[in-house]
Amino acid sequence: MKRKKYLLDLRVKENVRLHPDYGLLKLTSDRALPEMAPGQFAEVRVDGSPETFLRRPISIHYVDKALNELWLLVRRVGEGTRRMTETGAGETLNVLLPLGNGFSVPPPALRSAPLLVGGGTGVAPLLYLGDRLKRIGFTPVFLLGARTREDLLQLDAFRQRGVVHVATEDGSLGEKGLVTNHSLWQDGRFDSLYACGPKPMMKAVARQARQAGVPCEVSLENTMACGFGACLCCVERTKTGHACVCTEGPVFPADRLEWE
């Protein structure tokens, strides 16, 4: 279903430094923010940076309707995102949203716990998804991974919305290793899987889902320069042909993708 897109000047209410490489931008407006679905994203214009010509695609991390806030979790990977993480309260960001297609949710009659798997910045869209699932009666289970405990972000926010399991590559928090090797895969039973993170991680989660015979959705992190399917930077192979991730995704059923 196509949703209306909005070009908005949003005011930075707060910029929280979560980590030397990550900032949490809380944006607001004098008008009510439009409806946004978990898994959709925004394209943010970067002002004050002569080297940055294109908007930056950022996952919708969370929407607080009571406070009329949009949260964006931004990782510093270049000049554009560096400028975004240094934006101060009171400044304005020009944002195009909501873009793409988001996650689906299990039918109301299904009351088992869905598993949400995130690695690195891939945790970003899972907070809003977990919040939505909790509000309709589910108890989400989060499986979150990172290199070290310092790289695990927003753990308290995730714990407010479900059960949290973690894995770190150095063993500094939770189980040591990758999320795809976590003991939860042997101990837990899940009727739906969602994943976002590095592609090898998502492929492994998709295999687990296929072996278990449960549906799995993945949110791809391809480079999405325009958000409208015009630049073709984000094309992904599917079993029915090539698809623009920014318009047909970023969320796809895992079994639709030509990953094998």
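User: In strand β6, which residue is the bridge partner of Leu 10?

Analyst: This is a predicted model. Strand β1 (residues 6-19) and strand β6 (residues 92-99) pair in the antiparallel sense over 6 bridges. Leu 10 has its bridge partner in β6, and that partner is Leu 93.

User: How many residues lie between β1 and β2 in their hairpin?

Analyst: Strand β2 covers residues 22-28 and pairs with β1 in the antiparallel sense over 7 bridges. Within this pair, Val 16 stands opposite Leu 24. The number of residues between β1 and β2 in the hairpin is 2.

User: Which strands stand at the edges of the open sheet of 7 strands?

Analyst: The order of the open sheet is β10-β9-β8-β7-β11-β12-β15, with mixed pairing. Two of these strands have a single partner strand each, so one side of each is left without a neighbour in the sheet. The edge strands are β10 (175-176) and β15 (251-253).

User: What angle does the direction of helix α2 make with that of β7?

Analyst: Helix α2 (residues 124-135) packs on the sheet, where it touches β7, β8 (141-146) and β11. The angle between the direction of α2 and that of β7 is about 165°.

User: How many of the 12 residues of α2 are buried?

Analyst: The buried residues of α2 include Leu 126, Leu 127, Tyr 128 and Leu 129. The buried residues of this helix pack against several elements, among them β4 (56-64), β5 (69-75) and α3 (155-159). Helix α2 is mostly covered, and its count of buried residues is 9.

User: What distance does helix α5 reach from its first C-alpha to its last?

Analyst: Helix α5 (residues 199-212) has 14 residues. At 1.5 Å a residue, a span of 20 Å is expected, and the helix comes close to that. From first C-alpha to last, α5 reaches 20 Å.

User: Against which elements do the buried residues of α5 pack?

Analyst: Met 201, Met 202, Ala 204, Val 205, Ala 206 and Ala 209 are buried in α5. The helix lies across β7, β11 and β12, and runs at about 170° to β11. The elements against which its buried residues pack are β7 (115-119), α4 (184-187), β11 (193-196) and β12 (216-219).

User: Is Gln 154 buried or exposed?

Analyst: Gln 154 is found in the loop between β8 and α3. The phi of Gln 154 is near 65°, again a positive value in a residue other than glycine. A residue counts as buried under 20% relative accessible area. The value for Gln 154 is 15%, so this residue is buried.

User: What is omega for the cis peptide bond that joins Gly 249 and Pro 250?

Analyst: Pro 250 lies in the loop between α6 (245-248) and β15. The peptide bond from Leu 97 to Pro 98 is also cis, with omega near -15°, and Pro 98 is found in strand β6. For the cis bond that joins Gly 249 and Pro 250, omega is about 5°.

User: How far apart in space are Val 235 and Pro 250, C-alpha to C-alpha?

Analyst: Val 235 is found in strand β13 (residues 235-238) and is partly exposed, with a relative accessible area of 33%. In sequence, Val 235 and Pro 250 are 15 residues apart. Their C-alpha separation in space is 11 Å.

User: What is the radius of gyration of the protein?

Analyst: The secondary structure comes to 6 helices and 15 strands. For 260 residues the globule rule gives 18 Å, and the protein is close to this value, so it is as compact as a globular protein of that length. The radius of gyration is 18 Å.

Notes: Residues are numbered from 1 along each chain as its sequence is written. This is a predicted model: local features need pLDDT of at least 70, side-chain atom pairs count only at pLDDT 80 or more; totals for chains, interfaces and linings use all residues. Side-chain values use heavy atoms; hydrogens and water are left out. Helices (H or I, at least four residues) and strands (E, at least two) are DSSP runs, numbered from the N terminus. The expected span of a helix is 1.5 Å times one less than its number of residues. Buried means under 20% relative accessible area, exposed over 50%, partly exposed in between (1.4 Å probe, protein chains only). Contact means heavy atoms within 4.5 Å. Two strands pair if DSSP finds at least two bridges between them. Axes are lines fitted to C-alpha atoms, for helices over the stretch in contact, and angles run from 0 to 180 degrees between N-to-C directions. The radius of gyration is taken over C-alpha atoms; the globule rule is 2.2 Å times the number of residues to the power 0.38.
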